[in-house]
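Dear colleague,

I am passing on the structure that we spoke of, and my notes on what was found in it follow below. Please read them with the model open beside you.

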There are 2 protein chains.
Amino acid sequence: MGIAERKEREREGVKDLILSAAREIFLAEGYENTSIRKIASKIEYSPGVIYLHFKDKNDLLLALHDKAFECKMNSLFHATQHIADPLERLRGIGIGYLQYGIDNPQDYELMFILSCTMETLATKEEFWKDGAMAIGLVKETVKACIDAGYFRKDLDLDEVSLMLWSQVHGLVTLYTKERLNIYEGQEKQAFLFRTFDLFFEVVRQSFK
Amino acid sequence: MGIAERKEREREGVKDLILSAAREIFLAEGYENTSIRKIASKIEYSPGVIYLHFKDKNDLLLALHDKAFECKMNSLFHATQHIADPLERLRGIGIGYLQYGIDNPQDYELMFILSCTMETLATKEEFWKDGAMAIGLVKETVKACIDAGYFRKDLDLDEVSLMLWSQVHGLVTLYTKERLNIYEGQEKQAFLFRTFDLFFEVVRQSFK
DNA sequence: TTGTAATTATGAACACTGTTCAATATATTT
DNA sequence: AAATATATTGAACAGTGTTCATAATTACAA
């Protein structure tokens, strides 16, 4: 009997409706202004229906987080994996990360700033596999830099990857959270990339 | 007539009451759980009285931001200014910043993450002087490192200061926002400081 | 086809939130 | 003592996440 399957499809249909409506509101109005009632009224359902598909609001936000990660990681992976030289690939990942954070502040917040996502993961006793995959990509590329002779062999992959990550994460968040206005006269985005260039040059030289 | 003065004192007294109650709740329960009604009931006033001293909730939060900055900057300044060697002073500032972020996540969020503070500053057409002073301290110290021959002369103070700042800011926020759990087995705080040591060594070598 | 069971959806209700403002209470001046 | 000025209140408004008894719809068996 195909009824159970059709029912399941219908269920998933509503769930997708909720998710895409939520995503639209979230991208347009941000985390604080994304309410259950707004989402429900956008898809012309009652507010209660959302709780048939998600445990609570954080659970819904986590689903948005997953979708954003899927998207970002795919594009970052595809845009950099074709670069043969591991050092240039590493630079490409950094620049791609920066650009993504600049262009998608809402998604970035969901992925790397908001606590609700990690809290919800913790209640489900789930591992942050999206984050692990992303940082795994960085570690692999650093390893490739070592193997290619760009970096010395005694470097700790955890430390190096965190150093690279926190540098670009810091740049993105100081920018999106409007903390760079104290640098008057600087064109902010260009300033960001120049600073990343300086950082990368510093790393390249010192890790030789 | 001293009546106007006494009235003013009483006014300020209530304002301070509000601020310290707000600070207590904010530190204990965080940004999301700090409500006007909670603050009012804590000081046994009606909710409306808060709006006689602050334009709105963000205005009150900005006052907390200012207090936190006053506190942090003083302690960071005092704890590092006695270090004669500029390179060690710079390292001291970095470590102090890290430690502060780790120990005071709520205050740190108010100072460097939340948008509401910057938005409120913008509506008042005010400059973020607290932030400017903090980064000014970093720039001065970098300048001292150049003058002392630790760093080469052609470095751009803006770029270097942003690179240093975003590194420690990134470390603090990835830590407090629970993004480091993907590094399994690492004792998080020690891991943070080790990574900072690596970073600082990299900077020291490359800027020579 | 009808009756029963299971699923799906509703929307009112609860306890909150920031904010406003007419009414009230208190204090000061005339 | 009366009039004025200031300080404080708390109800009201429009919103929030979440729950749950009720209602509507659908599926399956008789």
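**Surroundings of the DNA strands**

DNA strand C is surrounded by 20 residues, and the closest of these are A:G48, B:S35, B:G48, B:D56 and B:K57, where a residue is taken as near a molecule or strand if its C-beta atom, placed from the backbone, lies within 6 Å of it. Please keep in mind that this is a predicted model, in which local features need pLDDT of at least 70 and side-chain atom pairs count only at pLDDT 80 or more, while totals for chains, interfaces and linings use all residues. Residues are numbered from 1 along each chain as its sequence is written, and chains are lettered from A and ligands numbered from 1 in the order in which they are written.

The surface near DNA strand C receives at least two residues each from α1 (3–29) of chain A and α2 (36–42) of chain B, with helices (H or I, at least four residues) and strands (E, at least two) being DSSP runs numbered from the N terminus. The residues of that surface divide into 10 nonpolar, four polar and six charged; Ala, Val, Leu, Ile, Met, Phe, Trp, Tyr, Cys and Pro count as nonpolar, Asp, Glu, Lys and Arg as charged, and the others, Gly among them, as polar.

Around DNA strand D there are likewise 20 residues, the closest being A:S35, A:G48, A:D56, A:K57 and B:G48. Here α2 of chain A and α1 (3–29) of chain B each supply at least two residues, and by class the surface has 10 nonpolar, four polar and six charged residues.

**The contact between the chains**

Chain B gives 34 residues to the contact and chain A gives 35 residues, two residues being in contact if their C-beta atoms, placed from the backbone, lie within 7 Å. On the side of chain B that touches chain A, two or more residues come from each of α6 (115–123), α7 (129–147), α8 (157–176) and α9 (188–206) of chain B, and α8(B) gives the most, with 11 residues. That side of chain B has 16 nonpolar, 12 polar and six charged residues.

With kind regards
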